[in-house]
Structure formats: structure tokens, C-alpha cells
Amino acid sequence: METIGASEVQKHLSKLLDRVARGESLTITRYSKPVARLVPIATRQERAREAVDRMTEQRKHIKLAPLAELMAMTHEGHRY
């Protein structure tokens, strides 16, 4: 990710937006300290895929109960 000063952003915003639209990300600095990030907006489909990927990764760390136990919990309190 490229770093660019705020004064350069003011001078070249249109060109920088073209780069971001093509998928680049830029870090904007002020007095050599990062203050913002200019990133492309993800499409709805990309955001959905990222969410699924995060959930899939988190699920790897969850211990799942056996199916019989889940079924028992579902029917707990029901009278037949």
C-alpha cells in the first residue's frame, strides 16, 4: 500500500481516485503520520464473500455439540 502526503492528495485527487477505482489502496499522511486510508468500495458480492470467509474461519475455533445433543436441546420442554 502506497503512502502519500495530504498536500499531494489535494493536488492529485482525481488521479488518485482513478487508481483506487482500479483496486489500489493508499495511506494518507499528515506530517509523516498515517491519518487515513483511501480504499476501493467493495461490491455487495465481495462484502458477502468476506463475511462468509470470516464466519468460516471463526467456526474452526468453535467446538460443536453432537447432533443427538442438539436434537435433545431442540425438543427440551416439549410434551408428546
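Colleague: Which residues make up the largest nonpolar core, and what makes such a set a nonpolar core?

Modeller: Ile 4, Val 9, Leu 16, Val 20, Leu 26, Ile 28 and Leu 38 form it, seven residues in all. A nonpolar core is a set of buried Ala, Val, Leu, Ile, Met, Phe, Trp, Tyr and Cys residues joined through side-chain atoms within 4.5 Å, where buried means under 20% relative accessible area, exposed over 50% and partly exposed in between (1.4 Å probe, protein chains only). Helix 1 (6–21) and strand 2 (26–30) are the elements that give two or more residues to this core, and helix 1 gives the most, with three. This is a predicted model, in which local features need pLDDT of at least 70 and side-chain atom pairs count only at pLDDT 80 or more, whereas totals for chains, interfaces and linings use all residues. Residues are numbered from 1 along each chain as its sequence is written, and side-chain values use heavy atoms, with hydrogens and water left out.

Colleague: How do you know what Leu 38 is in contact with?

Modeller: Contact means heavy atoms within 4.5 Å, and by that test Leu 38 meets Leu 17, Val 20, Glu 24, Ser 25, Leu 26 and Ile 28, once its neighbours within four places in sequence are set aside. Leu 38 belongs to strand 3 (residues 33–38), where strands (E, at least two) and helices (H or I, at least four residues) are DSSP runs numbered from the N terminus. From Leu 38 to Ile 28 the C-alpha to C-alpha distance is 7.2 Å, although the two are 10 residues apart in sequence. Val 20 in turn touches Leu 26, Leu 38, Val 39 and Pro 40, again not counting residues up to four places away in sequence.

Colleague: Why is Thr 29 called buried, and why does Thr 27 count as buried too?

Modeller: The relative accessible area of Thr 29 is 10% and the relative accessibility of Thr 27 is 11%, and both values fall under the limit for that class, so the label holds for each. Both residues are found in strand 2. Leaving aside neighbours up to four places away in sequence, Thr 29 touches Thr 3, Ile 4, Gly 5, Ala 6, Pro 34 and Val 35, while Thr 27 is in contact with Met 1, Glu 2, Thr 3, Ile 4, Pro 34, Ala 36 and Arg 37.

Colleague: What makes the pairing of Arg 19 and Glu 2 a salt bridge?

Modeller: A salt bridge requires a side-chain nitrogen of Lys or Arg within 4 Å of a carboxyl oxygen of Asp or Glu, and the N to O distance between Arg 19 and Glu 2 is 2.3 Å, so the pair qualifies. The link joins distant parts of the chain, with Arg 19 in helix 1 and Glu 2 in strand 1 (residues 2–5), 17 residues apart. Glu 24 also forms a salt bridge with Arg 19, the closest N and O atoms being 2.9 Å apart. Glu 2 is partly exposed at 38% relative accessible area, and Glu 24 is partly exposed at 32%.

Colleague: How do you know that Asp 53 and Arg 49 are separated by about one helical turn?

Modeller: They are four residues apart in helix 2 (residues 44–59), which means a separation of about one helical turn. Elsewhere, salt bridges that share partners join Glu 2, Arg 19 and Glu 24 into one network. The count by this rule comes to five salt bridges.

Colleague: What makes Leu 67 exposed?

Modeller: Its relative accessible area is 62%, which lies over the limit for exposed, so Leu 67 takes that label. Leu 67 lies in helix 3 (residues 67–75).

Colleague: How do you know that the chain is more spread out than a compact globule?

Modeller: The chain has three helices and three strands, in the order β-α-β-β-α-α along the sequence. Its radius of gyration is 24 Å, well over the 12 Å that the globule rule gives for 80 residues, so the chain is more spread out than a compact globule; the radius is taken over C-alpha atoms, and the rule is 2.2 Å times the number of residues to the power 0.38. The C-alpha trace spans about 75 × 25 × 20 Å along its principal axes, and 11% of the 80 residues count as buried.
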